[in-house]
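Let's take a walk through this protein, from the overall picture down to a few individual residues. Have a look at the sequence and the model, and then read on.

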Amino acid sequence: MNIENKIDITPHELVFKDHIRTPMYEDPRLFEEEMQKIFKKTWVWVAHESEFPEKGSFKLSQVGLEPVIVVRDRKGAIHVMVNRCRHRAATVCEVKKGKTSSFQCPYHGWGYGLDGSLRALPYSEQYGDDFDKAQHGLLKLRTESYAGMVFATFNEEAEPLVDFLGPVTKWIDLFMKQGAGYPVKVLGEHQFSVPMNWKVQLENTTDAYHFPVVHKSFLQSLDDETEEVFSFLDQGKGYVEDLGNGHSVMVMIPELVDLDDNLEAPIPSALRSWPGSCATTAIPRSR
């Protein structure tokens, strides 16, 4: 029987040593299973803490197929809540980002606090004495942060975020060090909608093969010294590492993984004329 026509498809039937069968990216039943077993069970990144500078700052995000609101409440805590009214599941917030004192469903007017609690509803007397507003707040996801990165999960039994990340914390820490002692902030974003399976994007992040082809115009804009740094494909020093729990990292320039490793190295000539560069030949330690 052709595997594409089978009623029940399991991943091990689709993944081989040298290729992957098409249903891994196209079968709707497999996709639904992934949404339930992966995106509903594990931690998913939703925002950065710098996106919520004030009480009431919020943005819309997504966990799998579920739309969520990420918001900082009046006490400074960040909450992640399903963007669906508990009455008739209408979208509560339709603004991508901003600042507010509360959320109100545009369908029947149910009002929610920044912490997701149900604060008010029209004609409340008609719901009877046994109606408990405390039981009808927005559905909240478990929320934890690491190095300013905000993650959320539907799974109350999930391991602590730091345990889920495991070896990934090393790479997050290295990335954050690039701020040279200053906090990393989100200054803007570019969003793209691409008709593809979610796994294709993840595979692209550990694919250096496409770099000189897709990003050719970027490479052509480099000066000779920087171009030499980016010649990682020709040098063959780069590698992809499996970090477990579905995490991975692509290291393209191993010798520059940690810029603190060689602080006495001369400043590249291309950077010496930049405003604020130091007058000596060593890179200063920023703390």
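Helices and strands here are DSSP runs, numbered from the N terminus: a helix is H or I over at least four residues, and a strand is E over at least two. Keep in mind that this is a predicted model, in which local features need pLDDT of at least 70 and side-chain atom pairs count only at pLDDT 80 or more, while totals for chains, interfaces and linings use all residues. Residues are numbered from 1 along each chain as its sequence is written, and side-chain values use heavy atoms, with hydrogens and water left out.

The protein has nine helices and 12 strands. Of its 287 residues, 33% count as buried, where buried means under 20% relative accessible area, exposed means over 50%, and partly exposed is in between (1.4 Å probe, protein chains only). The accessible surface comes to about 18,900 Å², and carbon and sulfur atoms account for 54% of that; these areas come from the Shrake-Rupley method with a 1.4 Å probe, and for residues only the protein chains shown count as cover. Count a contact as heavy atoms within 4.5 Å. Among contacts between residues at least 6 apart in sequence, 46% join residues at least 24 apart.

You'll find leucine 141 in strand 9 (residues 140-146), and with 6% relative accessibility it counts as buried. Valine 80 is 61 residues from leucine 141 in sequence, yet their C-alpha atoms are 5.6 Å apart. Beyond its neighbours within four places in sequence, leucine 141 is in contact with several residues, including Val63, Val68, Val80 and Phe154.

Now for helix 2. Which residues of helix 2 are buried? They are Leu30, Glu34, Met35 and Phe39. Viewed down the helix axis, these buried residues fall within an arc of 145°, so they line one face of helix 2. (The arc is that of the directions from the helix axis to the C-beta atoms.) An α-helix has 3.6 residues a turn, so residues three or four places apart point the same way. The cover over the buried residues of helix 2 includes helix 1 (23-26), strand 1 (44-48), strand 2 (57-63) and helix 5 (198-204).

What about the cysteines? With a disulfide taken as a pair of cysteine sulfur atoms within 2.5 Å, the count comes to zero. Cysteine 105 has its closest cysteine sulfur in cysteine 85, 3.9 Å away, too far for a bond. Cysteine 105 is buried at 4% relative accessibility, and cysteine 93 is buried at 6%.

Two residues deserve a look for their backbone. Most residues other than glycine have a negative phi. Alanine 89, not a glycine, has a positive phi of about 65°; it sits in the loop between strand 4 (78-82) and strand 5 (97-99) and is partly exposed at 42% relative accessibility. Asparagine 245 also has a positive phi, about 60°, and lies in the loop between strand 11 (239-244) and strand 12. Its relative accessibility of 46% makes asparagine 245 partly exposed.
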